Amino acid sequence: MDWPVSRPEEQGMDSARLAAMLADVEQQQINLHSLLVIRHGFVVSETYYPPYTAQTRHELYSVTKSFTATPIGITGEQ
C-alpha cells in the first residue's frame with residue numbers, strides 16, 4: 001500500500017517545528033535508520049539517515065504485539 005503524501009500544513013502541522021525536530025535528531029546524533037511521520041493518514045515527513053534508504057531491508061523480531069497493539073490503541077479499544 002502506498003500512503004498518500006501531504007504537506008504538514010495541510011494536515012494541521014507546523015513544518016518549521018517538524019524541521020526543527022529533524023535538526024535536533026541530527027544534532028543529538030540519535031541512532032535512527034529512518035523517521036516517518038504520518039498525520040491523518042498522510043505521510044508528512046519521510047527521512048532516511050545514511051547509509052539507509054527506503055529500500056533497505058531490516059530483520060525484525062518479536063514486533064507482532066507492537067503492530068497489533070498500535071491500531072487498537074489508535075481506535076481507543078481496550
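Tutor: Happy to! Let's begin with terms: helices (H or I, at least four residues) and strands (E, at least two) are DSSP runs, numbered from the N terminus. The expected span of a helix is 1.5 Å times one less than its number of residues. This is a predicted model, where local features need pLDDT of at least 70, side-chain atom pairs count only at pLDDT 80 or more, and totals for chains, interfaces and linings use all residues. Residues are numbered from 1 along each chain as its sequence is written, and side-chain values use heavy atoms, leaving out hydrogens and water.

Now to helix H1, which covers residues 15–27. Its 13 residues reach 18 Å from the first C-alpha to the last, close to the 18 Å expected at 1.5 Å a residue.

Leu 18, Leu 22 and Val 25 are buried in H1 (under 20% relative accessible area; exposed is over 50% and partly exposed in between, with a 1.4 Å probe and protein chains only). Seen down the axis of H1, these buried residues fall within an arc of 55 degrees (taken from the directions from the helix axis to the C-beta atoms), so they line one face of the helix. An α-helix has 3.6 residues a turn, so residues three or four places apart point the same way. What covers the buried residues of H1 includes S1 and S2, where contact means heavy atoms within 4.5 Å. On the other side of H1, Ala 16, Arg 17 and Gln 27 are exposed.

The segment before H1 contains Asp 2, which is exposed, with a relative accessible area of 75%.
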